[in-house]
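Please open the model in your viewer, with the sequence panel beside it, and follow the stops below in order.

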Amino acid sequence: MLSVSPTGADTFRAGPRRQNPERSFGGSVVAQALLAAGATVDPDRRVHSLHAYFLRVGEASSPTDFRVDRVRDGRSYGTRRVTAEQDGRAILDLTASFQVAETGFAHQVPALDAPSPESLPTVQEAAAEAPEPLRSWFGSLFRRHPFELRFDGELPRVAAARGESAPPQQRFWLRAGEALPDEPLVHAAALAYASDMLLLSTSLAPHARAVGAPDVAAASLDHAVWLHRPVRVDEWLLFEQESSWAAGGRCLCHARVFDAAGRLVMTVAQEGMVRPIGPR
């Protein structure tokens, strides 16, 4: 999943993720586009931000081609633009910026006060206590996304299953389901993948809806990520997600991610499309 193969000068390909037809997960395409961009940058430069536009729905059973444009290489920063294509049609446009390590002023927001991941139920334990179709949704999480999750409190999706609204926010611990190599770009790509997970669902919480429900159409439109420090994604990270606004068929969602030591490692902003389908 976190690998792309060179096919020519600044071009790369990622193989299909599924044998059966299935919509591509946006975070996986973002992660692979970042890997393609990083393969054209000097190793002493690490990604610090990326901005992506989701142009079309991708197909997980098809290969994806990535074309990298070397926009600029300055003394401290380098910029790459990546276009992801399937069957000759662009599905994602991403711009990433890379920086040489520097020292400077440092501060951050207060660390979150949260229970340890070991004290929270596993997804399997949460699924065992959930009615259908929630049980199936919990059960499909690891199949779809290779991360271990521990939820801090009830997810808005659970309230929506009861027909109840909930605040537009959620928190969970996350780590990769297997050990990752000691390559900073791989961990950055894994974090970029995770940055898209469950985020859009916060916008539907006040409306007692959930992503994937038959009366809702939802999709990510654009996605911005700021990576504040190198981090290992095969160690626990705390995600705090919320939606600050929704209207006119769109929503705005945010996330802050901390490591187990309380250091802010990533900030995310995403605009999405959320539309009701027919009468409830």
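This is a predicted model: local features need pLDDT of at least 70, side-chain atom pairs count only at pLDDT 80 or more; totals for chains, interfaces and linings use all residues.

Residues are numbered from 1 along each chain as its sequence is written, and side-chain values use heavy atoms, with hydrogens and water left out.

Select Val-47, Leu-227, His-228, Arg-229 and Pro-230, which lie nearest the centre of the largest pocket among its 45 lining residues. A pocket is, on a 1 Å grid over the protein atoms alone, an open set of points where a 1.4 Å probe fits, with protein on both sides within 12 Å along at least five of seven lines, and lining residues have an atom within 4 Å of a point. About 1300 Å³ of space lies in this pocket, and helix 5 (184–194) gives the largest share of the lining, 6 residues.

Next, select Arg-23, Phe-25, Arg-144, Val-211 and Ala-218, which lie nearest the centre of the second largest pocket. Its volume is about 840 Å³, and strand 9 gives the most to its lining, with 6 residues.

Finally, select Cys-251 and Cys-253. The structure holds 0 disulfides (pairs of cysteine sulfur atoms within 2.5 Å), and the sulfur of Cys-253 is 4.0 Å from the closest cysteine sulfur, in Cys-251, which is too far for a bond.

Notes
Grid points are joined across faces, edges and corners, and a volume is the space filled by probe spheres set on the points. Helices (H or I, at least four residues) and strands (E, at least two) are DSSP runs, numbered from the N terminus.
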